[in-house]
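Please look through the sequence and the model below before reading on.

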Amino acid sequence: MAYPGYGGGDGEVDAEELQRCLTQSGISGTYSPFSLETCRIMISMLDRDFTGKMGFNEFKELWAVLNAWKQNFMMIDQDRSGTVELHELSQVIAAMGYRLSPQTLTAIVKRYSKNGRIFFDDYVACCVKLRALTDFFRRRDSMQQGFVNFVYDDFLQGTMAI
């Protein structure tokens, strides 16, 4: 599979290179291109060596995840407005296996929406945060009990990196 515009010669992409690559690839389709901030958090989600860049294998993983998220977004954007609302977002989040309270869903919509509507770029940013925070939590919930104890510094490192 070809990954259009990948890399800047060093075998890794930073947020600006990722933004150009994804824009050139057309993965956002008719939706607005990804913001630089969304590209930064996409890198941080998969940046296991903490370089601030994404290697080719990480890029392949991102490509697959983005395609799945795009399919989900298109499926729930039933009115083809290019945005999703709270009721549509709650459906897709549940379909992805997350069990969130109505209060948490409302907080997510407040954080990622513009006038109650979530655009594709913000939807991807939301998906990145959900996945990264869930992964961070699960790594520390070794007994799979649904709760963990954090040292404040550990909590800050985990959440600020995303």
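Cys 21 is buried, since its relative accessible area is 1%, where buried means under 20% relative accessible area with a 1.4 Å probe and protein chains only. The model is a predicted one, in which local features need pLDDT of at least 70, side-chain atom pairs count only at pLDDT 80 or more, and totals for chains, interfaces and linings use all residues. Residues are numbered from 1 along each chain as its sequence is written, and side-chain values use heavy atoms, with hydrogens and water left out.

**Cysteines**

- The structure holds zero disulfides, a disulfide being a pair of cysteine sulfur atoms within 2.5 Å.
- Cys 21 is in no disulfide, and the nearest cysteine sulfur, which belongs to Cys 39, is 9.4 Å away.
- For Cys 39, the closest cysteine sulfur is that of Cys 21, and the 9.4 Å between them is too far for a bond.
- Cys 39 is also buried, with a relative accessible area of 0%.

**Val 128**

- Val 128 is found in helix 6, helices being DSSP runs (H or I, at least four residues) numbered from the N terminus.
- Val 128 counts as buried because its relative accessibility is 0%.
- Leaving aside neighbours within four places in sequence, Val 128 is in contact with Ile 41, Met 42, Met 45 and Trp 69, contact meaning heavy atoms within 4.5 Å.
- Val 128 and Leu 62 are 66 residues apart in sequence, and their C-alpha atoms are 10.0 Å apart in space.

**Aromatic rings**

- The count comes to nine aromatic pairs, where rings of Phe, Tyr and Trp (its six-membered ring) pair if their centres lie within 6.5 Å, and planes under 30 degrees apart count as stacked, over 60 as edge-to-face and the rest as tilted.
- Phe 73 and Tyr 123 form a tilted pair, 5.0 Å centre to centre and with 55 degrees between the planes.
- This pair links distant parts of the chain, with Phe 73 in helix 3 (residues 56-76) and Tyr 123 in helix 6, 50 residues apart.
- Both Phe 73 and Tyr 123 are buried, and one aromatic cluster is formed by Tyr 31, Phe 34, Phe 73, Phe 120 and Tyr 123.

**Largest pocket**

- The largest pocket has a volume of about 460 Å³; on a 1 Å grid over the protein atoms alone, a pocket is an open set of points where a 1.4 Å probe fits, with protein on both sides within 12 Å along at least five of seven lines, and lining residues have an atom within 4 Å of a point.
- Of the 20 residues that line the largest pocket, Ser 44, Met 45, Asp 47, Phe 50 and Arg 139 are the closest to its centre.
- Helix 6 gives the most to this lining, with six residues.

Note on methods
Grid points are joined across faces, edges and corners, and a volume is the space filled by probe spheres set on the points. Helices (H or I, at least four residues) and strands (E, at least two) are DSSP runs, numbered from the N terminus. Buried means under 20% relative accessible area, exposed over 50%, partly exposed in between (1.4 Å probe, protein chains only).
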